[in-house]
Amino acid sequence: MARFKVIVIFLSFLVIIWLGYVYIYSNEKFGYLVSSTSSSNTYSSKIYQKLNFDISKNDVFSFVHIQKTGGTTMEKHLVINLKNGNCKCEQSKKPSCMCYRSVESKEIWLVCRYIQPKWPCGLHPDYASLATCTPDFIRKKHGQKNYRFLYGTLLREPVDRYLSEFRHRQRGASWEGSAINCKGKSFEGQNPRCYDGEIWLDLTLEKFLACPHNLAANRQTWMLSNVSDISCSVKSLMTKVNYQQRLLSRAKQTISEIAFFGLLEYPRESQFVFEKTFGLEFDEPFQLWDTGFAKVYIDGVNKELIEKVKKKNSLDAELYKFAKLVFFERYHYFVTLYGHPKFRAPSSESRFTLKDKKKRRLKENLPKSKAKQETLKRRIKAERARQAEEN
């Protein structure tokens, strides 16, 4: 009798384990809520759901392009590398495209910088601004329908991203006039500038770090939150602890809920997650984006400055750490379903291989063309003359 009881207890234990497995598996398979945790927050999200994006019906994909995260390359993949994307592009160095639901259709399914008009929701809108603009843009263009709006973005290791933005500003470029709104007004316009004149002259990393209104600090965090709900003051957002935690919490929630996000440092895994999430496929494989220029620059900067950069971007560092956990949860889920992706080597004729000429330009931190280089020289000369007059 005792042996029989032991057998019954053992079998009951096995049944409980089996039922638990069935419950967990069914929840994952059909996209039920699962939890992603950090040291201080728990976020629920349908991170394992296969979305089966349907270009031919009412699905719309909109890309949140955070500066210096590889967004330009990702958007090029969307318009010229996606199989059956029905994108028609004018021949130019910068694509100008429209991506239609079918060959015969005039209705578009993609919103990003390369469709017409360029930057349809403004220059580098944040997630909150884009989520407001995209439905308005599509419905104004194609009428009221029961659309499903899905969003995606890329993230990058925060120190590399910050230094890449710094070098971008060093060569005279900026994103002034970006379409980030705070309580209905330009976020940038409600904050003091870091410099006078048309160009930030003689910019050093020390100057870049010292400006309390510099939007580069923790850019990924506030681009994925909603500053309208917290504060329109960059200085307050970057210095008040309660504001920072609200920003970070909101950004983590966005990461948990957004249909897709990839990581610059893991392009092939990002491609795999994108393809399996949406049921779409790219012709050419994604390549490891060459971030070596930032690494080389870091090697020449003293450790004290690098530590200041890390401290300045502490929110982005925590967000990126959290994002990696969520990303690889998604990745390993799809590996469980489909097996490891078969990574393909890019062809020698790939449109996404970094050419030697561009590598040299990036290494020297020069504008994109000789014409732009000459324009930069004229701007610098004019700004120096203006400052000399004032003094």
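## Serine 164 and its contacts

Apart from neighbours within four places in sequence, S164 is in contact (heavy atoms within 4.5 Å) with K68 and R156. S164 lies in helix α4, where helices are DSSP runs of H or I with at least four residues, strands are runs of E with at least two, and both are numbered from the N terminus. With a relative accessible area of 15%, S164 counts as buried (under 20% relative accessible area with a 1.4 Å probe, protein chains only; over 50% is exposed, and in between is partly exposed).

The model is predicted, so local features need pLDDT of at least 70 and side-chain atom pairs count only at pLDDT 80 or more, while totals for chains, interfaces and linings use all residues. Residues are numbered from 1 along each chain as its sequence is written, and side-chain values use heavy atoms, leaving out hydrogens and water.

## Helices α4 and α11

Two packed helices are described by the angle and the distance between their axes. The axes of α4 (residues 158–170) and α11 (residues 303–312) come within 9 Å and cross at roughly 105°; axes are lines fitted to C-alpha atoms, for helices over the stretch in contact, and angles run from 0 to 180 degrees between N-to-C directions. The helices α4 and α11 are therefore roughly perpendicular (65 to 115 degrees; under 35 is roughly parallel, over 145 roughly antiparallel, and the rest oblique).

From α4, V159, Y162 and L163 meet I306, V309, K310 and K312 of α11. This contact has five nonpolar, no polar and two charged residues. Here Ala, Val, Leu, Ile, Met, Phe, Trp, Tyr, Cys and Pro count as nonpolar, Asp, Glu, Lys and Arg as charged, and the others, Gly among them, as polar.

Helix α9 covers residues 267–278, and at 1.5 Å a residue its twelve residues should span 16 Å (the expected span is 1.5 Å times one less than the number of residues). The end C-alpha atoms of α9 are 16 Å apart, which agrees. G279, with a positive phi near 70°, follows α9.

Because ten of its twelve residues are buried, α9 is largely enclosed by the rest of the structure. The buried residues of α9 pack against β3 (59–64), α2 (71–80), β7 (148–155), β10 (260–263) and α12 (314–338).

## Helices α9 and α12

The axes of α9 and α12 come within 10 Å and cross at roughly 65°. Residues in this contact include F272 and V273 of α9 and F327 and F328 of α12. By class, the contact divides into eight nonpolar, two polar and three charged residues.
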